[in-house]
Amino acid sequence: MIGSVLASTLVAGAGLLTTTPAAARDTTTLIEGVTGLTDTAAAGGRVFVSANDRIVIADGRGAITGTITGLANPTGLAVTPDGARLYAALTGSGEVAEIDTTSLTVTRRIDLAAYPSPEHLSLAGDRLWVGYGVKGSFDGGVLGLDLSVPTPAPVQIATRMYGAPMVAAGSDTVVAGEAGINPGSLRVYDVRTAPATLRGTISGSQHGLSNLTDLTVTPDGATAISVFATSGFDEWDTTTLTKVRTYGTEAEYPGSPGAVALSADGAHVAGAFYGSMYSPYATVYDAATAEKTYQTNVTNNASLRTGSLSVLGDDLFALQEDRQRNRYYLWRVEGATLPASTLTLTAETGATALAPFSLTGRLAFADGSAPGAQPLEITRTLPDGTTVLLPAVTTAADGTFRITDTPPVGGAVTYGALWDGSPTFRWSKVTTTVDVVRHATTLTLTGPSIASAGRPIQLTGVLGTAGAVPTPAGSVVVWRDVTTRSGTTSTDLPPVRLAADGSFTVTDTPPTSGQYRYHVRFDGDATFALAHDSHDISVRGAIVGTYTYR
């Protein structure tokens, strides 16, 4: 009924676009052509993902840019800090591949045939540490490779471990932990000596540690952070083997801790969670104070691949798997380690369809500094889910801003503001829902007060829309109530069309005498409100000559 009104409103709305906003936000990128994902490594502005038979490369925005094929089941990954060389554990061929990330070619293969199923890698300087072993056996262990020589010879530091142990290294410290066996303990090695010296074991029985999902060590080797489902993100002193702190509390975990990673500067500890009843989510903690500085959820239903978290710049990357639908994703959390920004948005009261109204808001930074002039992306979502971009606004020096809009329909209309972020503050967004009243309408009906049965009568009316232009085309519903000595009966009459100016005519022939009340009703729609009016007519019996028959 009001298609023409909506079209006119949208065309006049400063070039509105029915499109999805393109500003920064967390994303999930579908990785096609794979049947599984294992690990990530990130450096040099790129993210590397090990899949079932290849390594997939993505840029810093999460977009897929290339692949490396000809690899036999790559699993664990490690990359140099400058991103120039990538190392991949090839479980299928019993090798470690060294890859030039500029040419995306394998520059050498290190044979580990005597050490079955290499799976986990950790790089510290020129030494690569490898966790190997067949699942379900106690023949696993950890070995080291000196990458500075042309043909590195494996140097074993740990044996008789369950499966392929997780391994993490920093400076002259190596920590190894067994996954898939409970309780799970951590072995801490000093690798300054040859052979390596076992400093001691962090006992899983003593500390209640079960279900190891990830492990990392600070670059200086002073502390290790383990992820056990039963304990969370625990930090350990690698010299005294005592617990330093736990990041977060179990009460805060609506799921299971599944992955951990450190920012390049060591200032942030990032964690990722999984759970059968929860979508994956990520948290960031201040490494010095253990304060939680950020948390975000992913919106799809795929599960987290444990141990797959990496930090690239200020962003987090992890892997997701939807095995039922055979779909696999790279999940990016943008600006997770940056200081926070916040947006507020408040609507004026009394919003009405087709009438302009305003919303006000403010952009604020965590350190209290003035944001200055910052561009904001503004969206409007109608009750039917249609989202459009409104003209952008710019904040004042103190971060305040105003949005003026003319909503085309009534109902719950949601407005959103998004700031794209900066190199020093994390992006933020806010939404608020406004209860927009439908545009007012009036309906009038006029006609004779007396008529005769059997003779046509005519009533006229007008639908008014309180100044809205153009008046909606369509029709009004018509019915009559007839009251006689026998009671009142109601009869529906054919609907009548509205003219361009909102006028209409009702024609009827009353069949009998009685007190007639004619009703007209405009049922309203998404934009215009319902309206009703009625008119009374006394209908006498049919007149023949000078006699009246009753």
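## The second largest pocket

The second largest pocket of this predicted model holds about 440 Å³ of space. Its lining is made up of 24 residues, and those closest to the centre of the pocket are Arg25, Asp26, Leu418, Trp427 and Lys429.

Several strands take part in this lining, with β1 (27-30), β25 (292-297), β32, β35 and β36 each supplying at least two residues. The largest share comes from β35, which gives five residues to the lining of the second largest pocket. Sorted by class, the residues that line this pocket comprise 11 polar, nine nonpolar and four charged ones.

## Nonpolar cores

The largest nonpolar core contains 25 residues, and the members that touch the most others are Leu343, Phe401 and Tyr415. Two or more residues of this core come from each of β30 (341-347), β31 (357-365), β32 (375-381), β33 (387-394), β34 (400-405), β35 (411-419) and β36 (428-436).

## Two loop residues

Val409 is placed in the loop between β34 and β35. Val409 counts as buried because its relative accessibility is 6%, where the cut-off for a buried residue is under 20%. Between the C-alpha atoms of Val409 and Ala466 there is a separation of 15 Å, while along the chain these two residues are 57 residues apart.

Arg485 also belongs to a loop, in this case the one between β40 (475-484) and β41 (487-497). With a relative accessibility of 90%, Arg485 counts as exposed, since that class begins over 50%. From Arg485 to Gly141 the C-alpha to C-alpha distance is 102 Å, and the two residues are 344 residues apart in sequence.

## Confidence of the model

Averaged over the protein, the pLDDT is 90, and 92% of the residues reach 70 or more. Over residues 1-23, however, the pLDDT is below 50, although this stretch has 42 contacts in the model beyond near neighbours in sequence. Residues 545-550 likewise have a pLDDT below 50, and for this stretch the model shows eight contacts beyond near neighbours in sequence.

Terms used
Residues are numbered from 1 along each chain as its sequence is written. This is a predicted model: local features need pLDDT of at least 70, side-chain atom pairs count only at pLDDT 80 or more; totals for chains, interfaces and linings use all residues. Side-chain values use heavy atoms; hydrogens and water are left out. A nonpolar core is a set of buried Ala, Val, Leu, Ile, Met, Phe, Trp, Tyr and Cys residues joined through side-chain atoms within 4.5 Å. Buried means under 20% relative accessible area, exposed over 50%, partly exposed in between (1.4 Å probe, protein chains only). Helices (H or I, at least four residues) and strands (E, at least two) are DSSP runs, numbered from the N terminus. pLDDT is the predictor's confidence in each residue, from 0 to 100. Contact means heavy atoms within 4.5 Å. On a 1 Å grid over the protein atoms alone, a cavity is a set of points where a 1.4 Å probe fits but cannot get out, and a pocket is an open set with protein on both sides within 12 Å along at least five of seven lines; lining residues have an atom within 4 Å of a point. Grid points are joined across faces, edges and corners, and a volume is the space filled by probe spheres set on the points. Ala, Val, Leu, Ile, Met, Phe, Trp, Tyr, Cys and Pro count as nonpolar, Asp, Glu, Lys and Arg as charged, and the others, Gly among them, as polar.
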